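Please open the model in your viewer and keep the selection tool at hand. The stops below are given in the order in which to visit them.

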Amino acid sequence: SGGGCYRDLDIWLAMPKYFLLEDTMEIVKEVEAFMETRREQYGIRILRSRVYKDEGRVELYLNEDPNMAWWYFAYQNIAAAFGHKVSGRMTMDEVAKDLDKNIPRFVGIRTRIQGIRNSDGGESNPRVSVRLKGDDIEVLAKLSVEVERRVRSLPSVVSVDTDLERGEDEVRVRVDRELAQRYGVSPRVVGRTISFALQGVS
């Protein structure tokens, strides 16, 4: 590809335990369809997906924008200072922020955006982890919400993902697949319905 510097973004989708491989494939296809609607806007060169039973991964390889030389950045900034927006391909940060804001969200599925790299494998936008430790789960949960709120307010932050292991009781539901099939209800629909019903309930 000419040896230029390309960039990539990885979108990870953590699936619920009750999901089957075909359920994960369906979710990944919906995310891919969203990416296709933004192929030109993002400058997507390659769109590649990997599907596992409990996880899906969508990789975006973006073209290098020939207008992204230092002088073009300066031109954009000067034009913006006078109230004129210069059109062009979105920058890497703009793509990541647009994804974080507009990518399809699904109940029970955790989405995270990461993996911004240069062609030499180095991190151009390194990931930073903030760990909260303690014995009181409720306090940690409240603190994590506040930390996420403050980090999101930083202008240089692209995406924020909270991975809190909650010590709450689990509700295990085993679906009779034959009976569900007889009534035309898939286990995935049952799982999503229960997830909707339990949102916010401890």
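A residue is called buried under 20% relative accessible area, exposed over 50% and partly exposed in between, with a 1.4 Å probe and protein chains only. This is a predicted model, in which local features need pLDDT of at least 70 and side-chain atom pairs count only at pLDDT 80 or more, while totals for chains, interfaces and linings use all residues. Residues are numbered from 1 along each chain as its sequence is written, and side-chain values use heavy atoms, with hydrogens and water left out.

Select Val-130 to begin: its relative accessible area is 58%, so it is exposed. Val-130 sits in the loop that runs between strand 4 (110–117) and helix 5 (137–152), where helices (H or I, at least four residues) and strands (E, at least two) are DSSP runs numbered from the N terminus.

Next, select helix 5, whose buried residues are Leu-140, Ala-141 and Ser-144. Seen down the axis of helix 5, these buried residues fall within an arc of 100 degrees (taken from the directions from the axis to the C-beta atoms), so they line one face of the helix. Turn to the face of helix 5 that points away from the buried side, and you will find the exposed residues Glu-138, Lys-142, Val-145, Arg-149 and Arg-150.

Finally, select Tyr-18 and Phe-19. Their ring centres are 5.4 Å apart and their planes lie at 65 degrees, so the pair is edge-to-face; rings of Phe, Tyr and Trp (its six-membered ring) pair if their centres lie within 6.5 Å, and planes under 30 degrees apart count as stacked, over 60 as edge-to-face and the rest as tilted. Tyr-18 is partly exposed, at 29% relative accessibility, whereas Phe-19 is buried, at 0%.
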